[in-house]
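Please take a look at the salt bridges in this model.

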Amino acid sequence: MTYDVIALACEKLSYRDKLRLAQLLIQVARKEEENSNPQNRSESEVTIKSSKITKAQATDEIDTIGYVVERLLKLRPSKKKTLLNSIRSMFQFQGGISEADTDTIIDELEKRKHIKIEQNSVCYL
């Protein structure tokens, strides 16, 4: 499939589908770029103890969870679906976030006892 064929097919999409497609393409392109150019990553990546995550990744994860908690305490979505949409919207301008990452964030929020999800309802602790 060529770019021209895809561009013609995209013209038939609704504006929302075009935005969703653009977000997907940005995510895929970023992942491909990271995989094809690993030398652009930080040279000072040091593993923490025996885990395989780096200090930079651990700091990013802490910053991300802190950012999400801060925003969720203001938004306070009451349903799980609204919670998912809220988290996705927080990352839409950074290229979006995958469903797996969204689930990981929610699991981490529950593990850190910021929220509890019971029967699709969100309780704040």
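The questions below cover charged pairs first, then one glutamine.

This is a predicted model, in which local features need pLDDT of at least 70, side-chain atom pairs count only at pLDDT 80 or more, and totals for chains, interfaces and linings use all residues. Residues are numbered from 1 along each chain as its sequence is written, and side-chain values use heavy atoms, with hydrogens and water left out.

Q: How many salt bridges does the structure hold?
A: A salt bridge here is a side-chain nitrogen of Lys or Arg within 4 Å of a carboxyl oxygen of Asp or Glu. By that criterion, the count for the structure is four.

Q: What is the distance between the closest N and O atoms of D17 and R20?
A: Both residues sit in helix α2 (residues 15-36), three residues apart, which means about one helical turn separates them. Helices are DSSP runs of H or I with at least four residues, numbered from the N terminus. D17 and R20 form a salt bridge, and their closest N and O atoms are 3.3 Å apart.

Q: Is E108 buried or exposed?
A: E108 pairs with K111 in a salt bridge, 3.7 Å from N to O. The two are three residues apart in helix α5 (residues 99-111), so about one helical turn lies between them. K111 is exposed at 62% relative accessibility. E108, at 13%, is buried.

Q: Which residues are linked with E108 in a network of salt bridges?
A: E108 and K111 meet in a salt bridge. The network joins E108 with K111 and R112.

Q: What is the N to O distance in the salt bridge of E118 and K116?
A: E118 is partly exposed, at 38% relative accessible area. K116 is also partly exposed, at 41%. Their side chains meet in a salt bridge with an N to O distance of 3.2 Å.

Q: Which residues does Q27 contact, leaving aside its neighbours within four places in sequence?
A: Q27 lies in helix α2. Its relative accessibility is 18%, so Q27 counts as buried. Contact means heavy atoms within 4.5 Å. With those neighbours left aside, Q27 is in contact with G95, G96, I97 and S98.

Conventions
Buried means under 20% relative accessible area, exposed over 50%, partly exposed in between (1.4 Å probe, protein chains only).
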